[in-house]
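Student: I have a structure to learn. Can we go through it by question and answer?

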Amino acid sequence: MASSIKQIIFLGDGIGDRPVPALGGKTPLEHQATPALDLVASGGESGLMYPIRPGLPAGSDTAHMAILGYDPATTYTGRGPFEARGVGLEVRPGDLAFRCNFATMTDGLITDRRAGRIKSGTDELAAALNEAFAGGIDGVQVIVKESVEHRAAMVLRGEGLSMHITDADPHEAGIPPGEVTPTPGHEGDPEALRTSRIVNEFVERNQAILAAAPVNQERVAQGLGPANVLLPRGVGTGPHLAPFAEQWGLRGALIVEVDLVRGLGLYLGMDVVTVEGATGGSDTDEIALAKAAVAALADHDFILCNIKAPDLGGHDSLPDAKCAAIAKVDRAVGYLLDTLDWNHHVMMIGGDHCTPITSGDHTGDGVPVAFYGHGVRPDYVTSYGERPCATGSLGRILGADVMYLLGNYAGTVHKFGA
Ligand code: ZN
Ligand code: ZN
């Protein structure tokens, strides 16, 4: 349905939190000065958003799917395909796609799952692996590509592969890589057994190849942990998703830093914008992201922008880093407030999920959100944060409600009934 009102979702990844003792019992959003976010809440309608359902911790991929109106319960096939697509790997029918971490191993144990958040050289490490595995494993082609920091993606291409296998990444330090096995219910499945063997062989063999790479020898010489193992996880095959334009009748663009979410956008047929200076890290250029969002609104009906940095502060349990990241989100939103004509735009600010400092991972808590702009009925909330938004007039909503609420304000949701 045509509308002159443009729709915006602006997210700080993992922005929601819990009270932090080191911040005097305040959450990072309550502690950090956020004049722009507070203006949005003051002039808008606030609430708590549960991306999938209350209490269910969502990944960035499933949370973004839900917020964009796709039910992860019926359409999600794993994180790997999005990660692989997002870094530019092709995922063909029958392929298995994984996301991977470059990690540090010492004496057979994982000592750092993120290899010190290695900043450079992973392109050379991926190239070394592709060269060493050029002959494949048991007739299966192996393709690795680096992503941001310690992240990478891998595609296995060949006959008779199964996605019903466990992760090689043990998801914690101090233990060896996980032995990949068929998942429960697939124990006797020959394809799952063979695929497990292939991934186990890949993990076993990639260690010596990575250890010998000049990048890692330099890291060791500098006293840094080497990225001496690549751990696949999150396996999946390409999902079947209706194009965003068909689902909502909107021309949409994504301005996001996370390859995973970029990959989702590519699957949805959205325009995925690359922004110079958007590093996906704590040094990202938030104004460049905001400017790209404004530019994309010129020829799109809908944009989603996500700044990754708050999630990193949460995962690393660093209150200062999370507060600094929130300040970046605030400056970016401030740019939008100053630049756009709010008679012709409607925006939701919020996050895709909570990544509390005290848990170091995603939780199923409600994410503070606020809607602002055309059509929005302001409530009495005057600042943006977990506790203020909990008192807002939207109450509790689900991720699946977001596109309807925005579309309602913009006039793009069809009437149900006569
Ligand atoms: Zn996220
Ligand atoms: Zn996260």
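Student: What spacing do the donors of the zinc ion (ligand 1) follow along the chain?

Tutor: This is a predicted model, where local features need pLDDT of at least 70, side-chain atom pairs count only at pLDDT 80 or more, and totals for chains, interfaces and linings use all residues. Residues are numbered from 1 along each chain as its sequence is written, chains are lettered from A and ligands numbered from 1 in the order in which they are written, and side-chain values use heavy atoms, with hydrogens and water left out. Donors are N, O and S atoms within 2.8 Å of the metal (3.2 Å for Na, K and Ca); water is not among the atoms, so sites may look incomplete. Along the chain, the donors of the zinc ion (ligand 1) are spaced D-x46-S-x291-D-H.

Student: How many residues apart are D13 and D352?

Tutor: D13 sits in the loop between β1 (6-12) and α1 (28-31). D352 sits in the loop between β11 (345-350) and β12 (367-373). Helices (H or I, at least four residues) and strands (E, at least two) are DSSP runs, numbered from the N terminus. The pair links distant parts of the chain, 339 residues apart.

Student: Which ion is 4.6 Å from the zinc ion (ligand 1)?

Tutor: Start from the zinc ion (ligand 1), which D13, S60, D352 and H353 coordinate at 1.9 to 2.7 Å. At a separation of 4.6 Å lies the zinc ion (ligand 2).

Student: Where is D107, and is D107 buried or exposed?

Tutor: D107 is not a glycine, yet its phi is positive, about 50 degrees. D107 lies in the loop between β3 (96-106) and β4 (109-112). Its relative accessible area is 78%, so D107 is exposed.

Student: Is E149 buried or exposed?

Tutor: E149 also has a positive phi, near 50 degrees, and is a residue other than glycine. E149 is in the loop between β5 (141-146) and β6 (151-157). Its relative accessibility is 12%, so E149 counts as buried.

Student: What is the C-alpha to C-alpha distance between H240 and Y267?

Tutor: H240 is in the loop between β7 (229-236) and α9 (244-248). H240 counts as exposed, at 74% relative accessibility. H240 and Y267 are 27 residues apart in sequence. In space, their C-alpha atoms are separated by 8.4 Å.

How values were computed. Buried means under 20% relative accessible area, exposed over 50%, partly exposed in between (1.4 Å probe, protein chains only).
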